[in-house]
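Please look at the model before reading on.

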Amino acid sequence: AIGTAKLFGFELMTNFKFPYFSRDIAEFWRRWHISLSTWFRDYLYIPLGGSRVSKPKAIRNVFVIFLVSGFWHGANWTFIVWGGIHALLFIPLFLRGTNRKNTTDIIAEGKFLPSPKELLQVGWTFTAVTIAWVFFRADNIGLAGQYLAQWTELSGNAPSSRMLLSAIGPMAAVAGDWFLRENKLYSERKWLRWGVYIAIATVILFSWSDESAQFIYFHF
């Protein structure tokens, strides 16, 4: 969308800034769906008083903005639960005053790998966000519970070759995102940039299917 807009002379804001490398939920929301979250902040959270009110009212404001964010995606209890989970994850950071701790542009900036502490923080945040996505994706609360129950069943089984093969793509994508997160290597080496373009085009062509598998965000 940003690239297409540039062709017509429009500059759109960056809407996602490597959210899955976030070290806590607060940082995740500064990097995920930035246009939506900033709109809710400016036109809902701040008019309600934001954090410049009493603690109980500030906590209420946090719950309101996350629950409304869920409701914005659809009139289904699954979206409300999704927003509620994020509110519950955010509140401890808010109460401790650490919700603006990780405000640097990029994790491990200028470094090849993150520190062990950062790795644990990213792993915990990613796990929490992924569990919340189950409710976002499920058609109802019951199905979400079934999905989560199946996770526990799979944890006791040895991974099959099919599962391992299906993990290669996401692992390669994560590795690519990590090493390109600062855009320096990507912008300085033209051969790498074109290699990424060709790889993406190849994956699209070979994964094309006649089956009507609709991308989840088409619903919104």
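The side chains of arginine 23 and glutamate 118 form a salt bridge, 3.9 Å from N to O. A salt bridge here is a side-chain nitrogen of Lys or Arg within 4 Å of a carboxyl oxygen of Asp or Glu. The model is predicted: local features need pLDDT of at least 70, side-chain atom pairs count only at pLDDT 80 or more, and totals for chains, interfaces and linings use all residues. Residues are numbered from 1 along each chain as its sequence is written, and side-chain values use heavy atoms, with hydrogens and water left out.

Buried means under 20% relative accessible area, exposed over 50%, and partly exposed in between (1.4 Å probe, protein chains only).

The structure holds five salt bridges, including those tabulated here.

| Pair | N to O distance |
|---|---|
| Arginine 23 and glutamate 118 | 3.9 Å |
| Arginine 31 and glutamate 27 | 3.1 Å |
| Arginine 41 and aspartate 42 | 2.9 Å |

Arginine 31 and glutamate 27 both lie in helix α2, four residues apart, about one turn of the helix. Arginine 31 counts as buried because its relative accessibility is 6%, and glutamate 27 is buried at 1%. Arg23, Glu27, Arg31 and Glu118 are linked in a network of salt bridges. Arginine 41, in contrast, is partly exposed, with a relative accessible area of 40%, and aspartate 42 is partly exposed at 35%.

The chain has 10 helices and zero strands; helices (H or I, at least four residues) and strands (E, at least two) are DSSP runs, numbered from the N terminus. Buried residues make up 29% of its 220 residues.

The largest nonpolar core has 23 residues, and those with the most contacts inside it are Phe28, Trp29, Val62, Phe66, Trp82, Phe90 and Trp133. At least two residues of this core come from each of α2 (25-31), α3 (34-45), α4 (55-73), α5 (77-96) and α6 (116-137). Helix α5 gives the most, with seven residues. Another core, of five residues, lies apart from it, with Phe21, Ala108, Val122 and Trp178 among them. A nonpolar core is a set of buried Ala, Val, Leu, Ile, Met, Phe, Trp, Tyr and Cys residues joined through side-chain atoms within 4.5 Å; contact means heavy atoms within 4.5 Å.
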